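Colleague: Before I rely on the labels attached to this model, I would like to hear what each of them rests on. Could we take them one by one, with the value set against its criterion?

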Amino acid sequence: MNKPKQQNANQPIQIAVINASTVLTDSQVQAAIPALQTQVSRDFAPAWGVDANLNFVPQGTNPPAGNWWLTILDDADQAGALGYHDLTAEGLPIGKVFAGTDLKYGSEWTVTASHELLEMLADPNINLTVFIQNDNTTGRLYAYEVCDACEADNLGYAIGNVTVSDFVYPSWFEDFRPPNSTQFDFGQNLTQPLQLVAGGYIGIFDISAGTGWTQLTQQMHSRVRGEVGTRRERRRTLRTHWQKSHDHATIMKRAAEYRARVSQIVRRAAA
Ligand SMILES: [Zn+2]
């Protein structure tokens, strides 16, 4: 009897990198993958004990079975139009990079790709939290997001000519640690647990306030509200409302139609 093939817990997670965007070429996406791979295996895995292999999915081929997906998209609207939802078609974790949104705001898409990748590895089901109790009856759950506190582009670092996101260490969630007693993030931008730097934020759930998930921010910025499909939005969505993505072939067919529509609009605007 053949046993179903199972992922060994000690094996690296396999992640298919899919370019479904209209704003980046496949070669631009492919060029960033070695740096993302280096970040995961060299910098992230020793701190977090989770490693992954990134597998680029060329146009016209299907992502390998059992792979998680890191999908590069234009924005939340395109993600929905193509049929990308909360899980892959197989019901596995999916990370979404809204590269068009980044270009619009002048952010680096590779920093976002690194951010989404590392957060998917640290909390693939978007349901881990750390409880900080204030007293007998009150306290806050902190979202186990590893890039939000230090996500600003200018805190990122270069691997080759690709900028990747800074990320926190597990110690950042350990509130017994005094300031400067250990390293709290890879880039050493943070000096104490649960600290936010300029541009940083973290999701909190105040257990007695009745307000659900809200964001703690160092300074208000316009993108604090999570777009549809982001980790922030999914964290506050009941699991029973989570949807699987369409299968890759359907998505690619829709992507071709989407590209055709976009170029039609561009042609019309130019006419
Ligand atoms: Zn995040």
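This is a predicted model: local features need pLDDT of at least 70, side-chain atom pairs count only at pLDDT 80 or more; totals for chains, interfaces and linings use all residues.

Colleague: Why are strand S5 (129–133) and strand S10 (213–217) said to stand at the edges?

Modeller: The open sheet holds 4 strands in the order S5-S6-S9-S10, with antiparallel pairing. S5 and S10 each have a single partner strand, so one side of each is left without a neighbour in the sheet. From one strand to the next, the twist averages 35°.

Colleague: Why does Ile126 count as buried?

Modeller: The cut-off for a buried residue is 20 or more other C-beta atoms within 10 Å; Ile126 has 23 C-beta neighbours inside 10 Å, and therefore counts as buried. Ile126 is found in the loop between H4 and S5, and its phi is near 50°, a positive value in a residue other than glycine.

Colleague: And what makes Asn180 exposed?

Modeller: Here the limit is 12 or fewer such neighbours, and Asn180 has 9 C-beta neighbours inside 10 Å, so it counts as exposed. Asn180 lies in the loop between S8 and strand S9 (201–206), and its phi, near 60°, is likewise positive in a residue other than glycine.

Colleague: Why is H4 described as largely enclosed by the rest of the structure?

Modeller: That conclusion follows from the count of buried residues in H4, because 14 of its 14 residues are buried.

Colleague: How do you know that the span of H4 is close to what is expected?

Modeller: H4 has 14 residues and reaches 20 Å from its first C-alpha to its last, which is close to the 20 Å expected at 1.5 Å a residue.

Colleague: Where does helix H1 (residues 26–48) bend, and by how much?

Modeller: The bend is at Val40 and amounts to about 30°; the angle is taken between axes fitted to the seven residues ending there and the seven starting there. Val40 is also one of the buried residues in H1, together with Val29, Ala32, Leu36, Gln39 and Phe44. What covers the buried residues of H1 includes helix H4 (109–122), along with strands S1 (13–19), S2 (52–56) and S3 (68–73), and strands S7 (157–159) and S8 (162–164). Just after H1, Gly49 takes a positive phi of about 70°.

Colleague: Turning to the whole chain, how do you know that the radius of gyration agrees with that of a compact globule?

Modeller: For 271 residues, a compact globule would have a radius of gyration near 18 Å, and the protein has 19 Å, so the two agree. The C-alpha atoms fill a box of roughly 60 × 60 × 40 Å, taken along the principal axes. Of the 271 residues, 36% are buried, and the protein has 6 helices and 10 strands.

Colleague: What share of the contacts joins residues at least 24 apart?

Modeller: Among contacts between residues at least 6 apart in sequence, the share is 62%.

Methods: Residues are numbered from 1 along each chain as its sequence is written. Helices (H or I, at least four residues) and strands (E, at least two) are DSSP runs, numbered from the N terminus. Two residues are in contact if their C-beta atoms, placed from the backbone, lie within 7 Å. The radius of gyration is taken over C-alpha atoms; the globule rule is 2.2 Å times the number of residues to the power 0.38. Two strands pair if DSSP finds at least two bridges between them. Axes are lines fitted to C-alpha atoms, for helices over the stretch in contact, and angles run from 0 to 180 degrees between N-to-C directions. The expected span of a helix is 1.5 Å times one less than its number of residues.
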